[in-house]
Amino acid sequence: MTYSLATVRINDVPTPVLIVDGRCYRVADLIPEFVARDPQAGLMAVFAYWAEAEPVLTDLARALADGSWIATELDLPQQLEQWLPPLRYPNKVICTGANYYDHMTQDGGHSGFSKENNIPVFFLKPPTTTVVGQGPSVRYPAQSEKFDYEVELAFVIGKRGRNIPLSSARDHIAGYTIALDMSARDWQRHPGHLAKFDLFGGKAFDDSCPLGPGIVPARFVDDTDLELQLYQNGVLRQNANTKDMIWSVPELVTRISEHVTLEPGDVVLTGTPAGVGLSTGIWTEVGDALEGRITGLGTLCVEIVPPAQ
C-alpha cells in the first residue's frame, strides 16, 4: 500500500486530496484538525505539522485501502488542467544543477568533471510565479529561442533544520514528487552576461517549474533507485536512474542547509540526467507535450502554450 497527496480543482476550488488505490478523498475530511489550523494554505498546512500528520494519514490510507474505514470518495479529475501543483505555495524552490555525470559530460561538455574537485550548484526559482501544475500550464518564454526541458526528482521538506548532519538528513524529508526544470538556454549562457552564465534569465522565468502530480510520502520511496524519463511528443528524450546522481539526496539536504534554513514545505529539485536539448539541439516549441515519469511517482504531463500577451 502506498498513497499520494495532491491538489486538484473540484467545482473550481483547489482541493487537497489523498489518493490511495486509485480512489480520491478530501484531506479536510480525513484530518480536519490539521487543515483547520490554516485553511487557506492547502497542503502546506499538512506539511507544516508533518511529524504529527504523516502517521495519521498513513493509518487512514491503510484503513481506506483494506475497507476497514469508510469516507466519502471523490471522482478523480479526468482533465489534466484540473491537476494543480500539489503544493501551491511552497516557501522555497531550491534547484540543483550538475548532479548527473552523463549530463555534465554529454550535455555540459565537462569531460574532466569529478565530485572530489567540485561543490554542488544550487539556485532558486520564485515559487509563486514559477510553480505550475499539469495540462496547458507552461507559457513559452517569448524572450527565448532555445527553450529546454529537464525532468527531475523533487523532494519536499517536512522538518525545519540548519546545518543538518548527513546522518539525520533523511529525517527532514517528507515526500517525493516529479518536477520539470524548464530552461531558456540562450539566456542561461548569454554572451552579454558578465560571467557568460545566468541562472536568473535562464531558469527563474514564469511557469518554469511544473510540479506533480502528487507527493508520495518518503517511507514509500527509495530515492537511490528510481527510473526517470522525459518524453517530448511521445519520443523518449531522457532515460536514467537516480543511482547515477553525483550528490545523493541526503548529501543535498546537508549541503543546502549549510547556507539556508530548510523549512516544511520547501521543494528541492535534485538535478537532471543527459538528453536535454542543450546537447541534441532539439528545442521545445509551442504545442509540444512533455511527460515526466519517475518510478512510483506517476506521470507529470504539461503542454507548451503561446507566450502571455
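Strand S1, residues 4–10, is largely enclosed by the rest of the structure, because 6 of its 7 residues are buried. Buried here means under 20% relative accessible area, exposed means over 50%, and partly exposed lies in between, with a 1.4 Å probe and protein chains only. Helices (H or I, at least four residues) and strands (E, at least two) are DSSP runs, numbered from the N terminus.

Before I go on, this is a predicted model, in which local features need pLDDT of at least 70 and side-chain atom pairs count only at pLDDT 80 or more, while totals for chains, interfaces and linings use all residues. Residues are numbered from 1 along each chain as its sequence is written, and side-chain values use heavy atoms, with hydrogens and water left out.

What does S1 pair with? One partner is strand S2, residues 13–20, which runs antiparallel to S1 and is joined to it by 7 bridges. Two strands count as paired if DSSP finds at least two bridges between them. Within that pair, leucine 5 sits opposite leucine 18 of S2. Strand S5, residues 83–84, also pairs with S1 in the antiparallel sense, over 2 bridges; there, valine 8 faces tryptophan 83.

S1 and S2 make a hairpin with 2 residues between them. Asparagine 11 is in that loop, and has a positive phi of about 55° although it is not a glycine. With a relative accessible area of 74%, asparagine 11 is exposed. Asparagine 163, in the loop between S11 and S12, is also not a glycine and has a positive phi of about 50°.

**A five-stranded sheet**

Next, an open sheet of 5 strands, in the order S9-S19-S18-S15-S16, with mixed pairing. Its edge strands are S9 (135–139) and S16 (235–241), each of which pairs on one side only. Inside the sheet, S15 (residues 227–232) and S18 (residues 289–294) run antiparallel and are joined by 5 bridges. Leucine 228 has isoleucine 294 in S18 as its bridge partner.

**Cores**

Which residues have the most contacts inside the largest nonpolar core? That core has 39 residues, and the ones in question are Leu153, Phe155, Tyr176, Leu180, Met182, Leu290 and Leu297. A nonpolar core is a set of buried Ala, Val, Leu, Ile, Met, Phe, Trp, Tyr and Cys residues joined through side-chain atoms within 4.5 Å. Among the elements that each supply at least two residues of this core are S15, S18 and helix H9 (249–256). Another core, of 36 residues, lies apart from it and includes Met44, Val93, Phe123 and Ile215.

**Two local points**

A cis peptide bond, with omega of about 0°, joins glycine 212 and proline 213. Proline 213 is in strand S14, residues 209–217.

Methionine 104 is in helix H5, residues 101–107, and counts as buried at 9% relative accessibility. Its C-alpha atom is separated by 49 Å from that of alanine 71, 33 residues apart along the chain.

**The whole chain**

The protein chain has 10 helices and 19 strands. Of its 309 residues, 54% are buried. Along the principal axes, the C-alpha trace spans about 60 × 45 × 30 Å.
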